[in-house]
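This report describes selected side-chain interactions in a single protein model.

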Amino acid sequence: MPDDAPPAIPVTGGADGQLLIAQCTRCALWVHPPAIDCPDCASELVPHPVSGRGTVFTYTVNYQPFNPAVSVPYVIAIVELAEQADLRIAANIVDCEPDSVFIGLPVEVRFERHAVDDGGAFVPVFAPRVG
């Protein structure tokens with residue numbers, strides 16, 4: 001990695017079931033997607049666990065089979081996390097029928113493990129929150 005490359009900031013965590021989001025060490029702003037430093041005060045960002053709860057901000061249902069390993073239809077959503085207004089993450093909505101998804105749907109994070117060259121990666125997905 002070149003010397004001027006930005007440091008790697010974990011995006012999800014996942015292995016322990018916690019969604020990690022970068023948070024400013026000075027002003028406590030949550031920042032996603034990850035950045036090198038805080039866009040408000042330029043301080044250091046450190047990944048911290050969040051509740052994993054949120055609501056569907058917007059979504060689309062995909063019917064095009066781009067990846068043969070993924071059956072259609074499936075929902076791609078922008079989820080606004082509970083920790084902060086405008087803290088949003090793109091993810092799939094799972095464990096429900098696509099036509100049951102709506103803007104404002106309460107959801108919670110889950111993780112899908114995917115094999116990669118050097119082990120596994122945990123990808124955050126969201127499912128409707130029960131209760």
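**Salt bridges around Arg-88**

In this predicted model, Arg-88 and Asp-86 are joined through their side chains by a salt bridge, with an N to O distance of 2.9 Å. Asp-86 is exposed, because its relative accessible area of 56% is over the 50% cut-off. Arg-88 is partly exposed at 26%, a value that falls between the limits of 20% and 50%.

Arg-88 also forms a salt bridge with Glu-80, where the N to O distance is 3.2 Å. Through these contacts Glu-80, Asp-86 and Arg-88 belong to a network of salt bridges. In general, side chains of opposite charge can pair when their charged atoms come close.

As for pairs between aromatic rings, a search of the whole structure finds 0.

**The Arg-110 and Asp-95 pair**

A salt bridge also connects Arg-110 with Asp-95, and their closest N and O atoms are 2.1 Å apart. This pair links distant parts of the chain, the two residues being 15 residues apart. Arg-110 belongs to strand β7, which spans residues 106-116, whereas Asp-95 is found in the loop between β6 (88-93) and β7.

The two partners can also be described by their accessibility. Asp-95 has a relative accessible area of 57% and is therefore classed as exposed, since the cut-off for that class is over 50%. Arg-110, at 34%, is partly exposed. For the structure as a whole, the count of salt bridges comes to 3.

Gln-23 is located in strand β1, which comprises residues 19-24. Is the side chain of this residue's position buried or exposed? Gln-23 is buried, because its relative accessible area is 16%, and the buried class applies under 20%.

When residues up to four places away in sequence are not counted, Gln-23 touches Ala-28, Leu-29 and Trp-30, together with Glu-44, Leu-45, Val-46 and His-48.

Technical notes:
Residues are numbered from 1 along each chain as its sequence is written. This is a predicted model: local features need pLDDT of at least 70, side-chain atom pairs count only at pLDDT 80 or more; totals for chains, interfaces and linings use all residues. Side-chain values use heavy atoms; hydrogens and water are left out. Rings of Phe, Tyr and Trp (its six-membered ring) pair if their centres lie within 6.5 Å; planes under 30 degrees apart count as stacked, over 60 as edge-to-face and the rest as tilted. A salt bridge is a side-chain nitrogen of Lys or Arg within 4 Å of a carboxyl oxygen of Asp or Glu. Buried means under 20% relative accessible area, exposed over 50%, partly exposed in between (1.4 Å probe, protein chains only). Helices (H or I, at least four residues) and strands (E, at least two) are DSSP runs, numbered from the N terminus. Contact means heavy atoms within 4.5 Å.
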